[in-house]
Amino acid sequence: MKRRRRFWTIVEKLETAIDQGIYPVGTRLPAERELAEIHQVSRPTIREAIIALEVRERVEVKTGSGVFVTDTKKSESFAKPISAFELTQARALVEAEAAALSAATIQSEELALLKQTLDDMRIAETANAADQRFHEIIAQSTRNNAIVLTINNLWKLRLTEPEIISAHEDVCSQSNEQRIQEHTAIYEAIASHDSSAARKAMHNHFNRLINALFAASEAKALEEIKRKTDETRGLYSITHLTY
């Protein structure tokens, strides 16, 4: 099994500290540098943990003031479970149209921020946060608050549902270079103000992700079948009998 990403360990530690009252509701968390020293991790790792906590509605980031503990507990589970496949398909449909709209509405400052995320994706410790930021910038550049809200909620599912988190951990760390290439194609289409190309590039990105999720799911299923077969073989084998 793959090791869990380091920042998720920090998320759990900070949530435990919040639940135990070490960081009471309404108080400000220690500064990023201090948290990095306390937990002996890099500042980008702390940054990713704070993003996850914000999505889980455990903290609120106030620009210029700091990170504050909120009185909202973890988001309640959805009435019906949502699989990684359903989520990815929904994101493909919504975010492809967002990319197409962004190609017509994005401003130069946003393009610069979008390009910066491509560089950040090449750094292991900031890759996932940069990925999320890339999609957020596209959503915001549409100038449509309903689209922004929808995409934010889809990301909330991506970062809070354990089964979806696990499914993505199986594939994201294996194909970072491919992920960068796909995001670069999306960026170039948006920068060229080509809505059709932007939509297609986003579809290609999610299509590869869906196929990777299926491949990982099939590998797990085969592994489980082999495990059960080995157990049965051991149960009925007579090679251990002595004469």
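Helices α3 and α6 cross in a left-handed sense. The model is predicted. Helix α6 also passes helix α9, again in a left-handed crossing. Two packed helices are described by the angle between their axes and by the distance between those axes.

**α3 and α6**
- The axes of α3 (residues 43-55) and α6 come within 9 Å, and they cross at roughly 50°.
- On the α3 side, Glu48, Ile51 and Val55 make the contact, and they meet Ala127, Asn128, Ala129 and Gln132 of α6.
- By class, this contact has 4 nonpolar, 2 polar and 1 charged residue.

**α6 and α9**
- The axes of α6 (residues 127-141) and α9 come within 12 Å and cross at roughly 20°.
- Angles under 35 degrees count as roughly parallel, and α6 and α9 are therefore roughly parallel to each other.
- From α6, the contact uses Ala127, Asn128, Asp131, Phe134, His135 and Ile138.
- From α9, the contact uses Asn176, Arg179, His183, Ile186, Tyr187 and Ile190.
- These residues divide into 6 nonpolar, 4 polar and 2 charged.

**Helix α9 itself**
- Helix α9 covers residues 176-191, which is 16 residues; at 1.5 Å a residue it should span 22 Å, and its end C-alpha atoms are 22 Å apart, so the two values agree.
- The buried residues in α9 are Arg179, Ile180, Glu182, His183, Ile186, Tyr187, Ala189 and Ile190.
- After α9 comes His193, which has a positive phi, near 60°.

Note on methods. Residues are numbered from 1 along each chain as its sequence is written. This is a predicted model: local features need pLDDT of at least 70, side-chain atom pairs count only at pLDDT 80 or more; totals for chains, interfaces and linings use all residues. Side-chain values use heavy atoms; hydrogens and water are left out. Helices (H or I, at least four residues) and strands (E, at least two) are DSSP runs, numbered from the N terminus. The expected span of a helix is 1.5 Å times one less than its number of residues. Buried means under 20% relative accessible area, exposed over 50%, partly exposed in between (1.4 Å probe, protein chains only). Axes are lines fitted to C-alpha atoms, for helices over the stretch in contact, and angles run from 0 to 180 degrees between N-to-C directions. Angles under 35 degrees count as roughly parallel, over 145 as roughly antiparallel, 65 to 115 as roughly perpendicular and the rest as oblique. A crossing is left-handed if the near helix is turned anticlockwise from the far one by less than a right angle, and right-handed if clockwise. Contact means heavy atoms within 4.5 Å. Ala, Val, Leu, Ile, Met, Phe, Trp, Tyr, Cys and Pro count as nonpolar, Asp, Glu, Lys and Arg as charged, and the others, Gly among them, as polar.
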